[in-house]
Amino acid sequence: MILRDPVHGLVAFESEEDSIVPRLLGAREMQRLRRIRQLGLTSLAYPGAEHTRFAHAIGAAHVMKLLLARLRQIDRELPFWQRVTSERARDAIAAALLHDVGHGPLSHLFEAAMPGAVEHETWTERILLDPTCELHQILAEDDPSLPRRVADLVAGKHELPYLARAVSGTFDVDRCDYLLRDAHATGVRYGDYDLPWLLRSLRFSEPSGPPGHHAPSLAIDGQKGIVAIESFLLARYFMFQQVYFHKATRAAEWMIGAILRRALALVVDGTRLPILPAAIAAVAAGDVPSLDQYLELDDQVLLGAIHAWEDAKDPALGDLCKRLRARALFKTIELSPEAHAEDEGSTSHAFGALDEEARKKVLETARVIASERGLDPDLYVGLDVATDTPYAEDDSLHVVFPKGRPRPPSEVSFLLDRLRNETLTRCRLIFAPELRDAMREAFVR
């Protein structure tokens, strides 16, 4: 199989150890990812962001192939039982391809919006291990124990830690692909970094413990690769600042959450909605959706239901659904500790945000403003707190020099030392557009 990819160019799966990829791509669980956008509602802010989880999965598998090729260039000094065998390569490529197969509609949005939702990682494991799933059957045809091994790799578990971290770690094939792919689709160049040079800079660090008994971890050549790893980690930081935490995207996601909460409340009270996907009906009944019900959910199903709910008898639900489809998005005011509350045009990039007590006071005031104007404060006003740690330092990646011990990247880079374990927080007040003047008068200084 040879594919053309807008990020990586020609992507080929032609060898014996990746021959499983074309068969896995044909499974219904993988085809479902064609109907789930990688960045959810981000296309409302960046019109080009229409790429799918399916394209990202292929890209991650391709990057894994590139990574494995590099590991095979540098693993000759390792004991043979710590090297990349054909079987391990096949397992790793399959894990890279399937790591997102459990995602719900609109990327991370669905599990965040549904009360008590099962995380997508759990759904991925269920899909891989359920004998009724086509993916499980394809994996098991090659080796009955392969579904379990792939599920473990996706969860970051393997007898070779460096291989597990390649699937789930600080520097993994998932991040390697999605940063480049998301930057390409959105037109935001902050996500670009030098992947070929970063791979070329990879080394193995010295293993701890008795020689030959502990597998080494991945490392970066300090003389060649420190700038490349800085660029990679800063790219992730900048993409969260400019894309993943964009105010229009976060406002639209909050509106979806309000829509789903309202729909669930109505169903629990006995209201019949024009369309109700089986998985959402199960949640309303207090149950966990079955695997079949969950797999029937995708962006088209959810957005189709929201379109139908425009005609619901409940005025608030219909209104929210109509606003979303018309892109009449809620407005935002960004809250920061420096100015207590800044206008939505704020460019403050401080790591911090208002503390919990201050947020509570802001929300209470905003709810009063909404109520005084006849709007349900539960549906037309809210706080959105987005957080991420762009560089959480762990032992999965070191920097090595010709002499001296392996060192964490933060020890040899003042940039990464500043970024290390810092949590990026963007706190915004979200509200219906008709409340804008009142909110600005109350909160913008």
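Here are some friendly questions and answers about a predicted model.

This is a predicted model, where local features need pLDDT of at least 70, side-chain atom pairs count only at pLDDT 80 or more, and totals for chains, interfaces and linings use all residues. Residues are numbered from 1 along each chain as its sequence is written, and side-chain values use heavy atoms, with hydrogens and water left out.

Q: Which element gives the most residues to the lining of the largest pocket?
A: A pocket is an open set of points on a 1 Å grid over the protein atoms alone, where a 1.4 Å probe fits, with protein on both sides within 12 Å along at least five of seven lines; lining residues have an atom within 4 Å of a point. The largest pocket holds about 1,200 Å³ of space, a volume being the space filled by probe spheres set on the points, which are joined across faces, edges and corners. Among the elements giving two or more residues to its lining are helix 3, helix 12 (226–244) and strand 6 (381–388), where helices (H or I, at least four residues) and strands (E, at least two) are DSSP runs numbered from the N terminus. The top contributor, with six residues, is helix 13.

Q: Which residues lie nearest the centre of the largest pocket?
A: The lining of this pocket has 42 residues. Those nearest its centre are Arg53, His103, Ser107, His108 and Phe240.

Q: Is arginine 37 buried or exposed?
A: Arginine 37 sits in the loop between helix 2 (28–31) and helix 3 (53–74). Buried means under 20% relative accessible area, exposed over 50% and partly exposed in between (1.4 Å probe, protein chains only). Because its relative accessibility is 15%, arginine 37 counts as buried.

Q: Which helices do the buried residues of helix 17 pack against?
A: Helix 17 covers residues 315–325, and its buried residues include Ala316, Leu320 and Leu324. After this helix comes arginine 327, with a positive phi near 55 degrees. The packing partners of the buried residues are helix 13 (247–268), helix 16 (299–308) and helix 19 (377–380).

Technical notes. Contact means heavy atoms within 4.5 Å.
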